[in-house]
Amino acid sequence: MSVVLHLDLDAFFCSVEELLDPTLKGTAFAVGGRADSRGVISTCSYEARKFGVRSAIPTAQALRLCPHLKLLPGRHGVYGDYSRKVMAILGDYSPVVQQMSVDEAYLDLTGDPRPGREIAATIKARIRADLDLPCSLGVASNKLVAKIATNSGKPDGLVIVPAGDEAAFLKPMPLDMLWGVGPKTRAHLTALGMKTIGDLAAWPTDDLVRRFGEHGRQMSAASQGRDDRPVVSEHEAKSISAETTFARDVSDAAVLHRTLLELTEQVGQGLRRDGLAARTVKIKVRWPPFETITRQVTLPGTVELDNEILAAGWALFEQVWKPGKRVRLIGIGVSGLTDPARQLSIFDAPDQGFTRRRKAADVIDRLRDKYGDAAIQRASLAGRRRRWVPPAKEGDSG
Ligand SMILES: [Mg+2]
């Protein structure tokens, strides 16, 4: 059973502004664009919310609702600094943190022996103690319910939904608490006589599909508290890769292996520089003239050392290459990037041998940084001129 924690900072920009200017506390103020330049409200204080001011409404409208509203232009560099500090704290409590925005993140707590409530309370207290920022948290068996739990407890909330209680928890909530139910859909559902998420959960799925298509099926599942989206850390969507195109096509196994080793060293160096390990190794091969294939393998654990990455990459290569076959381009990459400290390498238990080899890799990386790539080479590379291409980074976080 999964355990997901969702965290959202309360009125984040306003909370930071209050730290910088405590006289703002308890007053109606907002961060947003100016009314005379068609600005909108970015965030507003809870005092301003009492007057009906909300995020995303035009500033002109906000000033009509609350004429004494104090408008601040916002200091996004400062907010970014606080956001990074919050995310760093979250990283201490789970290896899988999915940052959704500047003030919102999911943590995968699955497998953690401590109760979710205890971890959530610790995080809340630490963000308060270290940064003096208020936040709300929700813990549930999936992202959908955890986020609704957070929202239901705002501000300064901590709401736990025990596994099995998802549908019962959602049942009395208004429809617009549900992900995917915007004003238009809500109006449609209201016209059918539904008021709560429970009403939607009780409605026949077939009828919702008939009326709303696939969206109807999703809403039906969501209303019952079902959601199977995984928590995916930002790194996992990214990859580090390097490739090279030969000036002349190559069919010599030794040359191909050496080249793959060179490229692997670039990838491994990038991985270690970012303090990451990888779960997936992939290769890219182009046969002349242009046919390009990729193959990848997701490993049962993580890899971070060059020889581990190379072993997986060469095994993939041997699956597609026959001796004598000419190769125009070869590349290797890693993805599924994660924190190496939290998981065991698939090749080694964290014994002394592993630690020693990891240290050796660190030393090699430091020497390369200091003296350049020519300073240190593996035996099989000695005497060969090296061509270095900065490791390409591709992909984006989801
Ligand atoms: Mg927030």
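This is a predicted model: local features need pLDDT of at least 70, side-chain atom pairs count only at pLDDT 80 or more; totals for chains, interfaces and linings use all residues.
Figure 1. Two strands pair if DSSP finds at least two bridges between them. Strands (E, at least two residues) and helices (H or I, at least four) are DSSP runs, numbered from the N terminus. Residues are numbered from 1 along each chain as its sequence is written.

**Figure 2. S2 pairs with S3.** S2 covers residues 29–32. The two strands run in the antiparallel sense over 3 bridges. Which residue of S3 stands opposite Val31? That residue is Thr43.

Figure 3. Axes are lines fitted to C-alpha atoms, for helices over the stretch in contact, and angles run from 0 to 180 degrees between N-to-C directions. Of the 9 residues of H1, 7 are buried, so the helix is largely enclosed by the rest of the structure. A residue is buried if 20 or more other C-beta atoms, placed from the backbone, lie within 10 Å of its own. The buried residues are Phe12, Phe13, Cys14, Ser15, Val16, Glu17 and Glu18. Their cover includes S1 (4–9), S2, S3, S4 and H4.

**Figure 4. Helices H4 and H5 pack together.** H4 is residues 76–91 and H5 is residues 116–131. Their axes lie 10 Å apart, at an angle of about 140 degrees. The two helices are therefore oblique to each other. The crossing is right-handed: the near helix is turned clockwise from the far one by less than a right angle. H4 contributes Tyr82, Lys85, Val86, Ile89 and Leu90 to the contact, while H5 contributes Ile123, Arg126, Ile127, Asp130 and Leu131. Residues are in contact if their C-beta atoms, placed from the backbone, lie within 7 Å.

**Figure 5. Helices H10 and H11 cross.** H10 is residues 205–212 and H11 is residues 214–223. Their axes come within 6 Å and cross at roughly 140 degrees. This crossing is right-handed. Thr205, Leu208, Val209, Arg211 and Phe212 of H10 meet His215, Gly216, Arg217, Met219 and Ser220 of H11.

Technical notes:
Two residues are in contact if their C-beta atoms, placed from the backbone, lie within 7 Å. Angles under 35 degrees count as roughly parallel, over 145 as roughly antiparallel, 65 to 115 as roughly perpendicular and the rest as oblique. A residue is buried if 20 or more other C-beta atoms lie within 10 Å of its own, exposed if 12 or fewer, and partly exposed in between; C-beta atoms are placed from the backbone.
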